[in-house]
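Please look over the model below before reading on. The report that follows is meant to be read beside it.

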Amino acid sequence: MSRVEFMQGNTACAEGALAAGCRFFGGYPITPSTEIAEHMARALPKRGGVFISMEDELGSIAAVIGAAWTGVRAMTATSGPGFSLMMENIGFAVMTETPCVIVNIQRGGPSTGQPTRAAQGDMLQCRFGSHGDYSTIALSPASVQEMFDLTVKAFNLADRYRVPAFVMADEIVGHMRERVTIPDAVEIVPRRKLEPGQLPFDGGEDGIPGFAQFGSGYAVHVTGLTHDERGYPDTMDAEAHDRLVRRLIGKIESARFDIADYEVENPDAETVFVTYGPPSRTVLQLLHDMPDEGIGHLRLRVVWPFPEFALSVFANAKVFLMPELNMGQMAREVQRHVDQPVIPIPKLGGDLHTPAELKQALEAYR
Amino acid sequence: MRREVRLSGFGGQGIILSAVILGRAAALYDDKYAVQTQVYGPEARGGASMGQVIIDDQPILYPEVTDPDIYVIMSQQGFEKYGVRAREDAIMLIDSGLVHSRPRCRYCDIPATEEAKSVLGREIVANIVMIGALVATTGVVSRTAIEKAVLDSVPKGTEELNAKALQRGFDLGKRACNL
Amino acid sequence: MTAEEWYRADRLPHIYCAGCGNGTVINCTLAAVEELGWRREETVFISGIGCSSRAPGYILTDSLHTTHGRALAFATGVKLANPGLNVVVFTGDGDLAAIGGNHFIHACRRNVDMTVVCMNNMIYGMTGGQGSPTTPPGAFSTTTPYGSGEPAFDLAELAIAAGANYVARWTSYHVKELVKAIAAGMRTPGLSFVEVMTQCPTNYGRHNRLRRVSDMIEYLRTHALLVQKKERLVQEGKTVPDEMFTVGELVRRNRPAMGVRR
């Protein structure tokens, strides 16, 4: 028996984490994400889990990574300023292949910006924000139900690919309330265990090493330094560094067909909207209001790794329109993959594009 | 049909809770769809607070309120900030003891706070009186649905008081509004 | 001492300079671990960045070599998620007192059940000898070419004020006392902080006329003032020289602790 509730997006995110088996939350209060921490603070102790309010976001993500190495599913939730503070340790999680989930309820930036208004301004930061080359996984929910579903999915992807996974939500889906169905049980994809005789950082065929949690007797050494397959620092060998970084990127990018999650409408269309998160809903409204216009729509639930192959579904496309709650961050990525013009339709300030605004853009660029 | 409801008053009146209750009634007990949003500004603390609900028989795609057709206004500041520009064919329910302005659109005076104080003995349930009047007037959700949603949203031990407040709202709405 | 079996033989030789005090501190820590009879598979060594923080990489247990200053936050996550693990953090004065200062005071406040061993060599050693928050006033370094103009942090006093259940300070000269102190810290539930004043002849000594290892150790020995002796001096109304630091067990108490194995 699943249960149906009328719930806030942030609460649904926390419920998704709990359903996925998350048993450690380390965080620091920040608007507009705090309801997630508050819900976890109430729920985790009842489930034998740990909630801790750390001294800052640097400590939050550090504690989450530490907890993850004991084998538990662990997460944090934050917003822009806290996300910026987490960047160094996010790189550490990438380098040490630590599965964990980072929820960013995006708000208007730069800096303190608009604490209570929505934005999608951290879409490139979640991909490129820490120093060095790497790849991560990022999901973008457009409804309260997806706040639940995609949080569950983020845990599974994080464990499957040994990588930090981001739920790149925003104040709109974080704070709105909608009906949500919470199933009794969700699918859990476990971390692949380290097999005896295997090295803890040997990626094998798919580039994903087995996981040796602390206390399991493998005496694994985990370091953010460039390391060999044993996990031992090897910082001067150019070949070792090249091999490691290529594997960290390759294990994600080569799996992007499996990780991809998107919806396509009107693949024959000449004018195609590409969206993720709440702007998707304005486009869906437009499609609903103008059913005979043959407007194309690619709605991404997984934003990173970017599924460039989904763009080629639109064989007749003449122009791609991208309403985003930023100045055109993902439009850059789309333009990288297509010859047709990609038109960013930026919206700043916290409100969603209205259907009228997108209709106007449609008329201007089709 | 898509209905957009906007509620405003001052912090502490239970404006946001009212919006949530309305959304719950539609989404959980009327088999409709609902999206509830609210303003999260610092002004919500003591200043004008505002909550909104979209209710539809169809899935709600665009989730923001653009031009509400139903208003519940429980403070003068709330009227000035969130009610004064109501379109002419909108319906506005006004807590007549607290708001002295009147809109250009159709409206009805509901002395909710006064009723809550004098008849029910607790000012705190004025918002529930308003919801009752809203449902009686607009039928935006069913009476059964709103009854259930009120009962599962209010603190334990206050169910009877709130049920009474809701009933009082039904009566006031029916009597005061000849729309 | 049979600490040998705790070393990752395939990681040696280590990166420490000749005459470095860190090896002594690692040895003393492992001696304490042996005294307690901890099992390797139940013990995790955690560190941040710096010379001190390379230590876990030489020890044959699960080990987490993290980012600069954050070791205690990582360790908090490990210990709270699995209180069955024994957690030891190796850190240095730059890692702990500068970039990680906030995590330090909060870990002490929470009194998370772990042992923190700080190798305080009064310098940023790994980056080549820059002044740190524990560089003594007047001491020379590559970034204090005219002598440090800042007061130095007293890390042990900081830990006491912030709430750690066990606090002791010794030097790399006082190896027997150090082993005892670390073992006592490990036995005490809550956060145990053991500060070890240690020599960095390469990057501290050479700027401060203490180029020879023996000179540096002599400096540590002669500047260490047993806490009981200090108290006596104070009682007798005598002045305690500014350049001296107290050694000994400075606090042992029973404040509520987090992450204690049930």
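The sections below go from domains to a sheet, then to the chain contact and a loop residue.

## Model and domains

This is a predicted model. Chain A is divided into domain 1, residues 1-259, and domain 2, residues 263-365. Taken over C-alpha atoms, the centres of domain 1 and domain 2 of chain A are separated by 27 Å. The contact between them draws 30 residues from domain 1 of chain A and 20 residues from domain 2 of chain A.

Strands β6 (114-118), β7 (137-139) and β8 (164-170) of chain A each supply at least two residues. So do helices of chain A, including α5 (125-128), α6 (144-161) and α7 (171-175). Helices α8 (238-253) and α9 (256-259) of chain A also give at least two residues each. By class, the side of domain 1 of chain A that touches domain 2 of chain A holds 16 nonpolar, 7 polar and 7 charged residues.

## The sheet of chain A

Five strands of chain A form an open sheet with the order β11-β13-β12-β15-β16. The pairing is mixed. β11 (262-265) and β16 (342-346) of chain A stand at the edges. Each has a single partner strand, so one side of each is left without a neighbour in the sheet. From one strand to the next, the twist averages 20°.

Strand β12 of chain A spans residues 271-276 and is mostly covered: 6 of its 6 residues are buried. In a regular strand, side chains alternate between the two faces of the sheet. Thr271(A), Phe273(A) and Thr275(A) point one way from β12(A). Val272(A), Val274(A) and Tyr276(A) point the other way. Residues of both sets are buried.

β12(A) has parallel partners. With β15 (residues 319-324) of chain A it pairs over 3 bridges. Here Thr271(A) has Val319(A) as its bridge partner. With β13 (residues 296-300) of chain A, β12(A) pairs over 5 bridges. In β13(A), Gly296(A) is the bridge partner of Val272(A). The chain passes from β12(A) through helix α10 (residues 279-289) of chain A to β13(A), and this β-α-β crossover is right-handed. Tyr276(A) stands opposite Leu300(A) in β13(A).

## Helices on the sheet

Helix α10(A) lies across β11, β12, β13 and β15 of chain A. Its direction runs at about 145° to β12(A). Helix α12 (residues 355-365) of chain A also packs on the sheet. α12(A) touches β12, β15 and β16 of chain A, and its direction makes about 155° with that of β15(A).

Which elements of chain B give two or more residues to the side that touches chain A? The contact as a whole joins 17 residues of chain B with 19 residues of chain A. The elements in question are α1 (15-29) and β2 (33-38) of chain B. The chain B side divides into 10 nonpolar, 5 polar and 2 charged residues.

## A loop residue in chain B

Is His100(B) buried or exposed? His100(B) sits in the loop between β5 (91-95) and β6 (106-110) of chain B. There, 9 other C-beta atoms lie within 10 Å of His100(B). A residue counts as exposed at 12 or fewer, so His100(B) is exposed. The C-alpha atoms of His100(B) and Val125(B) are separated by 21 Å, with the two residues 25 apart along the chain.

Technical notes. Residues numbered from 1 in each chain as written. Chains lettered and ligands numbered in written order. Predicted model: local features only at pLDDT ≥ 70, side-chain atom pairs only at ≥ 80, totals over all residues. Helix = DSSP H or I, 4+ residues; strand = E, 2+ residues; numbered from the N terminus. Buried ≥ 20, exposed ≤ 12 C-beta atoms within 10 Å, placed from the backbone. Pairing = 2+ DSSP bridges. Right-handed = clockwise from strand over helix to strand, strands pointing away. Axes fitted to C-alpha atoms, helices over the stretch in contact; angles between N-to-C directions. Contact = placed C-beta atoms within 7 Å. Nonpolar A, V, L, I, M, F, W, Y, C, P; charged D, E, K, R; others polar. Domains from an automatic or database assignment.
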